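Please find below some remarks on the model, written for a colleague who will check them against the coordinates.

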Amino acid sequence: MFRHLSSSHTNLKRGLRFFGTASAQKQAIAGTVRPHWNYVLLHTHRPPSAFEPKPKSPLDRALAMRAREWGGLVNFSWSPEQRVSDAYAGLPGAAAEGEAEVYAATVWTADQRRLDVPEVSLRNLDAVEAQMRAHALGQGPSGCAPDLHLYVCTHGARDCRCGETGGEVARALQAEVERRGIADEVGVGCVGHVGGHKYAANVLVFPYGDWLGTVQAVDVPGILDEILERHGSAGSHEGQLPPLCPPFWRGRMGLDKDQQLALFSAQG
């Protein structure tokens, strides 16, 4: 009986969190995603929980400066399944003297396309950045993105809220995906600082580019339900997709602040 009561209380708490958020609070969260039209992930061997507070990576800095020209943001990501480069296994910005940072990378676009890059370094940056730019601008071949990928900011050295709450949410997502037997369809990973510590835990949903904030572990089953429902019906939706998980929606890749707020207001 006590187990049943505990389960009911957990479900009630989850429902209140998911549907009972005050309008003013939701409005404060919506529109807080920095405008961008592409997102570049540099794949690391170790999770963001091991990163320095502000990794000083020459490659990250150089690529980020170029990516701004085509509306791109650059970050580091980790997951057990993602491809990594064998040429460098160190932390971002921690290369020894004479050693070069080398990463595999993924580029996501606002129109839900994905480009996988086997290797990027300062040595081949000109050629790889040109490839990324062409992909970002819709030129040349590119792969579609049929699978879901969820990334949680767990950069605890940058802000403890991301480390604690982000870590809890990342573990809860991984456990829920495994419990449902959908690990082949939904990837769960971690990313470095995304901006907005006070919105921890922050979750990035690709290929759609939606950002969710103030997520807690108790919210994970309901959020995953809605993400899977969106993924199953996205192809039949005409026009701009509505905000994903509105109580937690910070914004979306491909929209500026005013557009994010307008889309949020339109969904009622």
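The points that follow take up a helix pair, a strand residue and a loop residue.

1. This is a predicted model, in which local features need pLDDT of at least 70 and side-chain atom pairs count only at pLDDT 80 or more, while totals for chains, interfaces and linings use all residues. Residues are numbered from 1 along each chain as its sequence is written, and side-chain values use heavy atoms, with hydrogens and water left out.

2. Helix 5 (residues 160-180) packs against helix 6 (residues 220-233) at an angle of about 60 degrees, and their axes are 10 Å apart.

3. The contact (heavy atoms within 4.5 Å) involves Val169, Ala172, Leu173, Glu176, Val177 and Arg180 of helix 5, together with Val220, Pro221, Leu224, Asp225 and Leu228 of helix 6. By class, eight of these residues are nonpolar, none is polar and three are charged.

4. Arg250 belongs to strand 10 (residues 249-252), and it counts as buried because its relative accessibility is 2%, where buried means under 20% relative accessible area with a 1.4 Å probe and protein chains only. A polar atom of the Arg250 side chain lies 2.7 Å from the backbone oxygen of Thr32.

5. Gly195 sits in the loop between strand 7 (186-191) and strand 8 (203-206). Apart from neighbours within four places in sequence, Gly195 is in contact with Asn202 and Arg250, and its C-alpha atom is 8.3 Å from that of Arg34, 161 residues away along the chain.

Technical notes
Axes fitted to C-alpha atoms, helices over the stretch in contact; angles between N-to-C directions. Helix = DSSP H or I, 4+ residues; strand = E, 2+ residues; numbered from the N terminus. Nonpolar A, V, L, I, M, F, W, Y, C, P; charged D, E, K, R; others polar. Buried < 20%, exposed > 50% of the residue type's maximum accessible area, 1.4 Å probe, protein only. Polar contact = N/O pair within 3.5 Å; in protein donor to acceptor, adjacent residues only side chain to side chain.
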